[in-house]
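Q: I have a model to go through. Can we start with the charged side chains and then move to other topics?

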Amino acid sequence: MDSLKGRNLLSMADLTSTELHGLLALAAQLKDGTKRPKCLNKVLGLVFSKASTRTRVSFSVAMYQLGGQVLDLNAGVTQIGRGEPTADTARVLDRYLDIVAIRTFAQSEIEEFAEYASIPVINALTDLEHPCQILADLLTLKEAFGTLENLTMSYLGDGNNVAHSLMLGCALAGVHIRVATPDGYAPNPTVVKQAIELSQGRSEVIITTDPKAAVEASHALYTDVWASMGEEAEAESRIPKFQPYQINQAMLDLANEQAIVLHCLPAHRGEEITHDVMESSQSRIWDQAENRLHAQKALLAAILSAA
Ligand code: CP
Ligand code: NVA
């Protein structure tokens, strides 16, 4: 995994197909204990301007298990919350930290940070992408089927950050991806084009407004909240538009009989997914959450050149 040493992960598209498969293999070895890399005394900064449970805790535990340390630098406890410019913050944190994971709104903010800092910058969620989530999702899919070949992933819901990185990640991994959204909530066309390019004809990238067509015979059904962080004011008005995209038992019955159900969490039961499907034997949601730890540990070890 030498090629990832010192690199940023701002977008899923920053990885090659080979690097993505390599990270998933390393994550599996970290999970089963066959590899135990160390990043002794390295310090990870978490610069988060949005709430987080999984990303914050999984990054922190991953870094501690690698022998490194973590500083939680959310906007409220730093001068970032009082408006210190990103370029200034980046040049200062660059002098203290070994690596930084940033959760914010605009993708341009993490790009600016990366431009002004020489340390590796990881996207821990922006309005455009959530690449770390997709590392865990693909690891979970691979565990469920023993391979990533000849599989179809179907995403129902809002065509934003998680859907974008999922499209790019599936394209790189050679997994067919179908994204079904209501009218007006389709993925960013630039990201769709990028995903088609990255797939290199290995796998399909299908964007539709028809949820049933999207899930037919699929191996994994995936959803996310209908109103993301920062869009809370639209939550009520979106419900009727998104209702046909709910993952429920009737939707699951249209998929492959071995299909797994994924959700990045946090979930709104009764909206994008029903309680019974979340708790069903086909749900891999809790394994998926666990895999955030293993996947990000692999990412940290590869970037910090410990594996
Ligand atoms: N899935 C995810 O990123 O969860 P958090 O918002 O809790 O980090
Ligand atoms: N789309 C969601 C993902 C949360 C992990 C959001 O941006 O709030």
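A: Fine. A salt bridge here is a side-chain nitrogen of Lys or Arg within 4 Å of a carboxyl oxygen of Asp or Glu. Asp158, Glu231, Glu234 and Arg238 are linked in a network of such bridges.

Q: What kind of model is this, and which cut-offs on pLDDT apply?

A: This is a predicted model, in which local features need pLDDT of at least 70 and side-chain atom pairs count only at pLDDT 80 or more, while totals for chains, interfaces and linings use all residues; side-chain values use heavy atoms, with hydrogens and water left out. Residues are numbered from 1 along each chain as its sequence is written, and chains are lettered from A and ligands numbered from 1 in the order in which they are written.

Q: Is Arg238 buried or exposed?

A: Arg238 is buried, with a relative accessible area of 4%. Glu231 is partly exposed at 22%. The classes are buried for under 20% relative accessible area, exposed for over 50% and partly exposed in between, with a 1.4 Å probe and protein chains only.

Q: How many salt bridges by that rule?

A: The count is 10. One of the pairs is Asp127 with Lys50, whose closest N and O atoms are 2.7 Å apart. Asp127 is in the loop between β4 (121-123) and α5 (131-145) and Lys50 in the loop between β1 (43-48) and α2 (54-65), so the pair ties together parts that are 77 residues apart in sequence. Helices (H or I, at least four residues) and strands (E, at least two) are DSSP runs, numbered from the N terminus.

Q: And the accessibility of Asp127 and Lys50?

A: Asp127 is partly exposed at 38%, and Lys50 is buried at 7%.

Q: Which residue does Asp88 pair with?

A: Asp88 forms a salt bridge with Arg91, the closest N and O atoms being 3.0 Å apart. Both sit in helix α3 (residues 86-93), three residues apart, which puts about one helical turn between them. Asp88 is partly exposed at 31%, as is Arg91 at 40%.

Q: Switching to ligand 2. What surrounds ligand 2?

A: Leu125, Asn161, Asp224, Val225, Ser228, Met229 and Leu265 surround ligand 2, each having a heavy atom within 4 Å of it.

Q: How much of the area of ligand 2 does the protein cover?

A: The protein covers 95% of the 260 Å² of accessible area that ligand 2 has on its own, by the Shrake-Rupley method with a 1.4 Å probe.

Q: Last topic, helix α7. Which residues are buried there?

A: In α7 (residues 189-199), Val191, Val192, Ala195 and Ser199 are buried. Their directions from the helix axis to the C-beta atoms fall within an arc of 105 degrees, so these residues line one face of the helix. Pro189, Thr190, Lys193 and Glu197 are exposed on the other side.
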